[in-house]
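Biologist: I am new to this structure, and I would like to know what stands behind the words used for it. Could we look at it together and set each term against its definition?

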Amino acid sequence: MPISNGAPRNALRALVVAGCAVAGLVGIQTASSAVANTPPGTYAYVTDSSSGQVTVINTATNSVTATIGVGSAPLGVAVSGDGKRVYVTNSLSNTVSVIDATTDTVIATVMVGSNPQAVALSPDGKQAFVANDGSGTVSVIDTATDSVVKSFAVGAHPEGVTFSPDGTRAYVTNTASNNVSVVDTAADATVATVSTGTTPVGVAVTPDGSHVWVADAGDGTISIIATSDHSVASISLGGSPYGVAVSGDGNTVYVTDRFGNELRVISAATHAVTASIATGQTPQQVALTPDGSQAYIADLSDGAVSVINLATRSAGTPIVVGTGPLGLAIGTIVQAPTTLTAGNGHLSLLPLGATGLNATLTSNGAPLAGQTIAFTADDGTPLCRAVTNASGYATCNAVPPILTTVSVLLGGYQATFAGSVYDKPSTAHGSLSLL
């Protein structure tokens, strides 16, 4: 996402190329971190246009957990709903890097149009729309195959893109046309063009889908488009509005001012600025944590990320991320669901004992090996424990405590997986039959 149109854009591009060349990173698409499972949690992904890298920040600790090499001059970034895929536009490579967030590695590189800027994922996660500044088009990526299935024309120098909550519309900001293209996502075609202020860049849709907020970087205004009839209201902020984010309840809109070095807090109902919070130098994109408690902002000139406590409206310690942070998105990796299936075991009376207690543990249909399964009687009496093998199968025999009655054991047994850092817990009931 360039600083502005025309000569300044070309100047930034030259600086980015020079910085990448000095660092020896032009065209590199390998991960700098070792391949390892990323623990579930909420992470911020920051593109560094100068180094050709994406920095990963754990928002629980505000620590950098990985840096991932992508293409040349990465700008836009988007995270899938399950937090497991990250899509990054590489503006000078004309590609999109697809990152597996569970290992922080690039798993695919997709050729798109010229000078790709923002990228957005459809609500169902099946498509990624990429705004191609140089070609005046949007590339449509099928996320199942990581391939471009269609490209269509929009306005001149498109930079921002977002979807409506129901996924039926996409909105693309065209910086040189000073308008927004309204796209029918079923047809992948522009169905309306709405005039805005000068150099519209950042764009966000309210959670109810009723309004589109657009940051007009060139004239210091915010354009608010009513999606029902495409009428436009305007707010004069001054400075150079750039990134836009809307709170989960839709009541508050947050806009970065890259000239004033502030985050503007705006009431969605009254269109009034209720607060201005100091950020780092030249704030670009802004993203909110899922609980809406914090805002993360890429500060281009500081090489850092500002972390804003939205309750106290104050900034914490900046996080150093590189030399040219521009794009920023936040996603959450959740624990994987598990399924535990218990089978039939056998009960002998003399001596009293249970054999062949068994259970199979899977996650999304795949076996989970090396996990401990606890077997208990239905009254909670511990019986035995076993570790799953490569097939996710665990089995053990037990000699029940003397006070455990046959009637309890004839009721069957419980198999329990307590869960792990990566996987959710699960339980199952198995039966016992007399030998």
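This is a predicted model: local features need pLDDT of at least 70, side-chain atom pairs count only at pLDDT 80 or more; totals for chains, interfaces and linings use all residues.

Modeller: Residues are numbered from 1 along each chain as its sequence is written, and side-chain values use heavy atoms, with hydrogens and water left out.

Biologist: How many helices and strands are there in the protein?

Modeller: The protein has two helices and 38 strands, where helices (H or I, at least four residues) and strands (E, at least two) are DSSP runs, numbered from the N terminus.

Biologist: What makes strand E32 mostly covered?

Modeller: Strand E32 spans residues 353–363, and eight of its eleven residues are buried; buried means under 20% relative accessible area, exposed over 50%, and partly exposed in between, with a 1.4 Å probe and protein chains only. In the protein, 55% of the 435 residues are buried.

Biologist: Why are E30 and E32 said to pair?

Modeller: Two strands pair if DSSP finds at least two bridges between them, and strand E30 (residues 339–342) has four bridges to E32, in the antiparallel sense. Leu340 stands opposite Leu361 in E32.

Biologist: Which other strands are joined to E32 by bridges?

Modeller: Strand E31 (residues 344–348) runs antiparallel to E32 with three bridges, and there Ser348 has Gly353 of E32 as its bridge partner. Strand E36 (residues 393–398) is joined to E32 by five bridges, again antiparallel, with Leu357 opposite Cys396 in E36. Strand E33 (residues 366–367) is joined to E32 by two bridges, also antiparallel, and the count of two bridges meets the cut-off of at least two.

Biologist: Where are the hairpins that involve E32?

Modeller: One hairpin joins E31 to E32 through four residues, and another is formed by E32 and E33 with two residues between them, where Asn364 in the turn has a positive phi of about 50 degrees.

Biologist: Why is the contact of Asp100 and Arg85 called a salt bridge?

Modeller: A salt bridge is a side-chain nitrogen of Lys or Arg within 4 Å of a carboxyl oxygen of Asp or Glu, and the side chains of Asp100 and Arg85 meet at 3.5 Å, N to O, so the pair qualifies. Asp100 lies in strand E6 (residues 95–100) and Arg85 in strand E5 (residues 85–90), so the pair ties together parts that are 15 residues apart in sequence.

Biologist: Is each of these two residues buried, partly exposed or exposed, and how do you know that?

Modeller: Asp100 has a relative accessible area of 13%, so Asp100 counts as buried, whereas Arg85, at 29% relative accessibility, counts as partly exposed.

Biologist: How many salt bridges are found in the whole structure?

Modeller: A search of the whole structure finds four. Among them, Arg169 forms one with Asp184, with the closest N and O atoms 3.8 Å apart, and this pair links Arg169 in strand E13 (residues 169–174) to Asp184 in strand E14 (residues 179–184), 15 residues apart. Asp257 and Arg264 meet in another at 3.1 Å, N to O, and both of these residues are buried. Asp257, Glu262 and Arg264 are linked in a network of salt bridges.
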